[in-house]
Amino acid sequence: YMVNIDKAEKIYSKILTKLKNQDGRIIAIEPETGDYFIGDNALEACKIGKEKYPSKKFYLKRIGAKYTYVVGAL
(Lines give C-alpha, C1' and ligand atoms only; values in the text may rest on other atoms or scores of the structure.)
Protein backbone atom coordinates (compact mmCIF):
# COMPACT_ATOMS: atom_id res chain seq x y z
CA TYR A 1 0.00 0.00 0.00
CA MET A 2 0.99 3.62 -0.43
CA VAL A 3 1.75 5.99 2.41
CA ASN A 4 -0.77 8.82 2.65
CA ILE A 5 1.58 11.75 1.98
CA ASP A 6 -1.02 14.48 2.57
CA LYS A 7 -1.92 13.02 5.95
CA ALA A 8 1.75 12.68 6.92
CA GLU A 9 2.49 16.29 5.92
CA LYS A 10 -0.46 17.51 8.02
CA ILE A 11 0.89 15.59 11.02
CA TYR A 12 4.35 17.07 10.42
CA SER A 13 2.89 20.60 10.28
CA LYS A 14 1.01 20.07 13.55
CA ILE A 15 4.09 18.83 15.47
CA LEU A 16 6.64 21.20 13.92
CA THR A 17 6.90 23.35 17.06
CA LYS A 18 7.85 20.24 19.09
CA LEU A 19 10.75 19.59 16.71
CA LYS A 20 12.62 22.90 17.11
CA ASN A 21 15.89 21.41 18.41
CA GLN A 22 15.84 18.45 15.99
CA ASP A 23 16.90 20.19 12.74
CA GLY A 24 18.80 17.88 10.38
CA ARG A 25 17.51 14.67 11.96
CA ILE A 26 15.04 12.35 10.20
CA ILE A 27 11.44 11.86 11.25
CA ALA A 28 9.51 8.72 10.28
CA ILE A 29 5.76 9.37 10.41
CA GLU A 30 3.14 6.62 10.48
CA PRO A 31 0.18 8.52 8.99
CA GLU A 32 -2.63 6.21 10.10
CA THR A 33 -1.82 6.51 13.82
CA GLY A 34 -0.06 9.88 13.83
CA ASP A 35 2.89 8.35 15.66
CA TYR A 36 6.36 9.48 14.70
CA PHE A 37 9.91 8.39 15.39
CA ILE A 38 13.10 10.46 15.18
CA GLY A 39 16.60 9.26 14.36
CA ASP A 40 19.93 10.62 13.17
CA ASN A 41 19.31 8.94 9.80
CA ALA A 42 16.49 7.20 7.93
CA LEU A 43 17.57 3.72 8.97
CA GLU A 44 17.56 4.62 12.65
CA ALA A 45 14.17 6.40 12.51
CA CYS A 46 12.57 3.47 10.63
CA LYS A 47 14.14 0.90 12.95
CA ILE A 48 12.56 2.62 15.96
CA GLY A 49 9.21 2.82 14.13
CA LYS A 50 9.34 -0.83 13.05
CA GLU A 51 9.75 -1.92 16.67
CA LYS A 52 6.24 -0.60 17.33
CA TYR A 53 4.71 -1.14 13.87
CA PRO A 54 6.54 -4.00 12.11
CA SER A 55 4.18 -4.11 9.12
CA LYS A 56 3.67 -0.36 8.57
CA LYS A 57 5.31 1.96 6.06
CA PHE A 58 6.59 5.36 7.07
CA TYR A 59 6.83 8.81 5.54
CA LEU A 60 10.37 10.18 5.97
CA LYS A 61 11.33 13.82 6.20
CA ARG A 62 14.45 15.72 7.23
CA ILE A 63 13.39 18.04 10.04
CA GLY A 64 13.82 21.70 9.18
CA ALA A 65 14.69 21.09 5.53
CA LYS A 66 12.76 21.32 2.29
CA TYR A 67 14.09 17.97 1.05
CA THR A 68 14.99 14.77 2.82
CA TYR A 69 17.83 13.95 0.39
CA VAL A 70 19.53 15.76 -2.46
CA VAL A 71 21.32 13.83 -5.20
CA GLY A 72 23.82 15.58 -7.45
CA ALA A 73 25.36 19.04 -7.37
CA LEU A 74 23.61 22.02 -5.86
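Tutor: Among contacts (heavy atoms within 4.5 Å) in the protein chain between residues at least 6 apart in sequence, 46% join residues at least 24 apart. This is a predicted model, in which local features need pLDDT of at least 70 and side-chain atom pairs count only at pLDDT 80 or more, while totals for chains, interfaces and linings use all residues. Residues are numbered from 1 along each chain as its sequence is written, and side-chain values use heavy atoms, with hydrogens and water left out.

The part to look at is helix 2, which covers residues 42-52. Helices (H or I, at least four residues) and strands (E, at least two) are DSSP runs, numbered from the N terminus; the protein chain has 2 helices and 3 strands, arranged along the sequence as α-β-β-α-β. Of its 74 residues, 30% count as buried, where buried means under 20% relative accessible area, exposed over 50%, and partly exposed in between, with a 1.4 Å probe and protein chains only.

The 3 strands form an open sheet in the order 2-1-3, with antiparallel pairing, two strands being paired if DSSP finds at least two bridges between them. Strand 2 (35-39) and strand 3 (59-62) are the edge strands, each pairing on one side only, and the twist from one strand to the next averages 25 degrees. Strand 1 (residues 26-30) and strand 2 run antiparallel and are joined by 5 bridges; among them, E30 is partnered with D35, and I27 with I38. The hairpin of these two strands has 4 residues between them, and there G34 takes a positive phi near 85 degrees.

Helix 2 lies across strand 1, strand 2 and strand 3, and runs at about 140 degrees to strand 2; axes here are lines fitted to C-alpha atoms, for helices over the stretch in contact, and angles run from 0 to 180 degrees between N-to-C directions. A42, A45 and G49 are buried in helix 2. Seen down its axis, the buried residues of helix 2 fall within an arc of 75 degrees, so they line one face of the helix; the arc is that of the directions from the helix axis to the C-beta atoms. An α-helix has 3.6 residues a turn, so residues three or four places apart point the same way. What covers the buried residues of helix 2 includes strand 1, strand 2 and strand 3, whereas L43, K47 and E51, on the other side of helix 2, are exposed.

Now look at how helix 2 begins. At its start, a side-chain oxygen of N41 comes to within 3.2 Å of the backbone nitrogen of L43. D40 is in the loop between strand 2 and helix 2, and its side chain is joined to that of R25 by a polar contact of 2.9 Å; a polar contact is a pair of N or O atoms within 3.5 Å, where within protein one must be able to donate a hydrogen and the other to accept it, and residues adjacent in sequence count only if both atoms are side-chain atoms.

From D40 the view can pass to I63, which lies 23 residues away along the chain, with 10 Å between the C-alpha atoms. I63 is in the segment after strand 3 and counts as buried, at 2% relative accessibility. Leaving aside residues up to four places away in sequence, I63 touches several residues, including R25, I27 and I38.
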